Amino acid sequence: MRRQAPTRRATHQQAKLAATTVAPVRPEQISAHSRVLLTDASERSVLAACRGLGAAGYDVAAGSFGPLAATQWSRCCSERLRISDPRVDATAFIADLRAHLERQRYAVLLPGSDFSLLAVSRARSELAGLTCLGLPPHEIVERTLNREVLASVAAAAGLAPAEAVRCSDLAEASAAAREFGFPVVMKSICTVQDLGAIVVAGPATRRINSEQELQAVIGEYRDAFLVQRAEVGRTLSVGGVAAGGRLLGIAVSRYQRTWPPSAGNVSFSVTIKPPPRLEQVAAALLHDIGWEGMFELELIETATGALVPIDLNPRSYGSMALAVDAGANLPAIWCDWLLKRDPRPACAGVGRRYRWEDADLRHLIWQLRHGNVLAAVQALRPWRGVVHPHFRLSDPLPLLARVLWLLSGKIQARWAAVRTASASRRTQGR
């Protein structure tokens, strides 16, 4: 077991990578209608990107691994494509993308998840010349998806690095947890894993409250992983577009509720004025890593005012609908930059609110079941002009798709449980 050691000076190789910039697409490569191809159409982040691009005048095609993808039900989606899932067959995923790009001219391809991003980056030579990927070198993409790299550059950028220990088994994880004191947070080192034939998401981030919980989940972390001190404070989301050594767009929001409540995705948040120097340190961190493009940096704001980065999402992100609604149309800004359209920098307005419909409802039910009536009442409070990831009066079908998707998942889970119970009874009978 070794302690993750943040450094204030990047290595020569890291500095070389960080200095690399994205080459915008050449004018002759731009289609007449500036079509954009999005992957992962079932993600709410991709729906936000689709709506933002549509509002900016782009024609958007959305690719999905399966039916009931909310983005494909949106009025802003002009073309619905079926593509393979890189978590099942990465080769077929790239082959499907190539086929669509050869059939139709798309100015930009935007992966909508970490695993799609890594698969596209790894196979970029097969898509070269067909569209603009807007990706830095593959080494930088891998660095951006690595949580140890995030911690290592945090101090140099002026942030407080998350204190974590790399572990490989239960004994090392238990020792780290006892050193930090429960609760702790368990994370994969990389958000995605490249397994050659497939690209899969790493194990879910978990808040561990006891030695018993640690023993119960350790089997999910087969490779090396991180045990991180659970920072106390308020979670901030810094969404933006990094390009040309600066932030072209920024949207800062503060989480007010999450699902699950202890350590989950945002279910309710509000945009705030960026804290002093936050824009500068965020830009410095992304420059040190070498990333250009859309991003979300999640931080914990401690009682002392320190900002601790805990995750970096190099793509469209879950609550991006809030940024777009508050005046920072991040996907359009990034595509405009790639297509040399000289986008105007934008900062999200203050006081706009975001509510993820079904996640906030689950939060409310959880609070009631645990007797936290006041917390449940807060989740019930109505707000004027709240933006939702799926619901929109002028674009209602994505919410219907989301409801049907949730119901189908429940039915499939119930049917799987019935079949398992039936098989168990047959085994016992024999």
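Biologist: Leucine 68: buried, partly exposed or exposed?
Modeller: Leucine 68 counts as partly exposed, because its relative accessibility is 23%. Buried means under 20% relative accessible area, exposed means over 50%, and partly exposed is in between, with a 1.4 Å probe and protein chains only. This is a predicted model: local features need pLDDT of at least 70, side-chain atom pairs count only at pLDDT 80 or more, and totals for chains, interfaces and linings use all residues. Residues are numbered from 1 along each chain as its sequence is written, and side-chain values use heavy atoms, with hydrogens and water left out.

Biologist: Where does leucine 68 lie?
Modeller: In the loop between strand E3 (59-64) and strand E4 (77-82). Helices (H or I, at least four residues) and strands (E, at least two) are DSSP runs, numbered from the N terminus. Leucine 68 is not a glycine, yet has a positive phi of about 60 degrees.

Biologist: What about the phi of aspartate 40?
Modeller: Aspartate 40 has a positive phi too, about 60 degrees, and is not a glycine. Most residues other than glycine have a negative phi, and most peptide bonds are trans. Aspartate 40 sits in the loop between strand E2 (35-38) and helix H2 (44-55). Its relative accessible area is 1%, so aspartate 40 is buried.

Biologist: Which residues does a cis peptide bond join?
Modeller: Phenylalanine 182 and proline 183, with omega at about 0 degrees. Proline 183 is in the loop between helix H8 (170-180) and strand E7 (184-188). The bond from tryptophan 259 to proline 260 is also cis, with omega near -5 degrees. Proline 260 is in the loop between strand E13 (246-259) and strand E14 (265-271).

Biologist: Cysteine 77: buried or exposed?
Modeller: Buried, because its relative accessibility is 4%. Cysteine 347 has a relative accessible area of 45%, so it is partly exposed.

Biologist: And what does histidine 100 touch?
Modeller: Leu81, Arg82, Ile83 and Tyr106, not counting residues up to four places away in sequence. Contact means heavy atoms within 4.5 Å. Histidine 100 is in helix H3 (residues 90-103). It is buried, with a relative accessible area of 15%.

Biologist: Now holes. How many cavities of 30 Å³ or more?
Modeller: Four. On a 1 Å grid over the protein atoms alone, a cavity is a set of points where a 1.4 Å probe fits but cannot get out, and lining residues have an atom within 4 Å of a point. The largest cavity holds about 120 Å³ of space. A volume is the space filled by probe spheres set on the points, and grid points are joined across faces, edges and corners.

Biologist: Which residues lie nearest the centre of the largest cavity?
Modeller: Leu110, Pro111, Trp291, Pro314 and Trp334, out of 15 lining residues. Strand E5 (108-110) and strand E15 (293-301) each give two or more residues to that lining.

Biologist: Last one. What does the pLDDT average over the chain?
Modeller: 90, and 91% of the residues score at least 70. The pLDDT is the predictor's confidence in each residue, from 0 to 100. Over residues 1-32 the pLDDT is below 50. Where pLDDT is low, the predicted coordinates should not be read in detail.

Methods
1 Å grid on protein atoms, 1.4 Å probe; cavity = no way out; pocket = protein on both sides within 12 Å on 5 of 7 lines; lining within 4 Å.
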